[in-house]
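Hi,

Here is the structure I promised to pass on. Have a look first, and then read my notes below.

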Amino acid sequence: MIEVHDVHVAIDGTPILHGVSFEVGAGQVAGYVGPNGAGKTTTMRLLTGALPPDAGHVAVAGVDVVRDPVEAKRQFGYVPEHGHVYESFTPAEYLAFIGRMHRLPEAAVQARTAAHLAFWDLADVGDRSMVGFSKGMKQKVLLSAALLHDPPVLLLDEPLGGLDAHAVLQTRALLRTLAARGRTVFYSSHLLDAVEKVADLVVVIRDGRILQTGSPDEIKASGGGGSLEDAFGKLTASADAYDEAERLVVAAFD
């Protein structure tokens with residue numbers, strides 16, 4: 001459902017991705033993890049068609065995102081890391097707008113909007129302008145908008161931003177339920193514990209290169225059998241966080 005093959009990208013002459021390749025099948029939740037600047041957001045831009053590759057092939061649900069960008073966009077729902085809503089709209093108006101953009105039947109727009117607002121406990125504010133909404137409330141609307149047309153692929157870039165503990169649990173349950181129904185989820189996150197709890201495939205990237213792809217257990221085994229966080233540190237050659245913290249405190253305060 002997601003195919004990235006030997007992709008190279010340079011921005012303003014600076015190479016960002018170096019031969020990146022991975023695949024995510026139907027019904028899989030894939031966690032995409034790596035340090036800041038590793039190439040995660042660039043990969044998301046490739047998958048959504050916002051950035052063409054300099055070389056290589058990118059397809060979503062069997063559709064080449066370069067050759068047929070409009071059809072490719074019908075195949076996925078997308079939640080960007082820094083998403084925005086039209087705050088003058090109410091949640092109901094915003095979701096109706098998104099549904100009509102996807103040319104959904106009006107009855108489906110209304111039914112799905114009501115279902116999403118109820119799921120996220122937003123029904124009571126569904127007809128209130130989103131001016132003054134918290135980041136978490138807006139994030140729930142963005143997640144609903146991405147799912148409204150029932151896409152086969154869901155692309156999520158740090159989707160838990162602003163969500164409270166209960167909403168995080170709801171999101172995890174929702175992603176696993178979607179995967180059980182054959183939907184594919186590609187989930188980029190810095191929160192390794194969140195990825196470990198929801199993903200059945202982990203793709204680790206550093207400096208624009210894929211270091212390892214496998215199940216959470218396989219990734220953990222490669223790091224010596226500890227947590228996904230431990231394995232990530234070893235794979236990305238990260239310094240021990242506690243040693244680094246100790247050095248900072250000694251240097252700054254002793």
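How many bridges join β6 to strand β7? There are 4, and the two strands run parallel, with β7 covering residues 153-157. Strands here are DSSP runs of E with at least two residues, and helices are runs of H or I with at least four, numbered from the N terminus; two strands pair if DSSP finds at least two bridges between them.

Before going on: this is a predicted model, where local features need pLDDT of at least 70 and side-chain atom pairs count only at pLDDT 80 or more, while totals for chains, interfaces and linings use all residues. Residues are numbered from 1 along each chain as its sequence is written, and side-chain values use heavy atoms, leaving out hydrogens and water.

Back to the sheet: it is open, with 6 strands in the order β6-β7-β8-β3-β9-β10 and mixed pairing. β6 (76-79) and β10 (209-214) are the edges; each has a single partner strand, so one side of each lacks a neighbour in the sheet.

Two helices to look at: α5 (residues 135-147) packs on the sheet and touches β6 and β7, contact meaning heavy atoms within 4.5 Å. α9 (residues 228-235) lies across β3 (29-33), β9 (201-206) and β10.

As for the whole chain, it has 10 helices and 10 strands. Of its 254 residues, 46% count as buried, that is, under 20% relative accessible area with a 1.4 Å probe, protein chains only. The C-alpha atoms fill a box of roughly 60 × 50 × 35 Å along the principal axes.

Cheers

Technical notes
Axes are lines fitted to C-alpha atoms, for helices over the stretch in contact, and angles run from 0 to 180 degrees between N-to-C directions. Buried means under 20% relative accessible area, exposed over 50%, partly exposed in between (1.4 Å probe, protein chains only).
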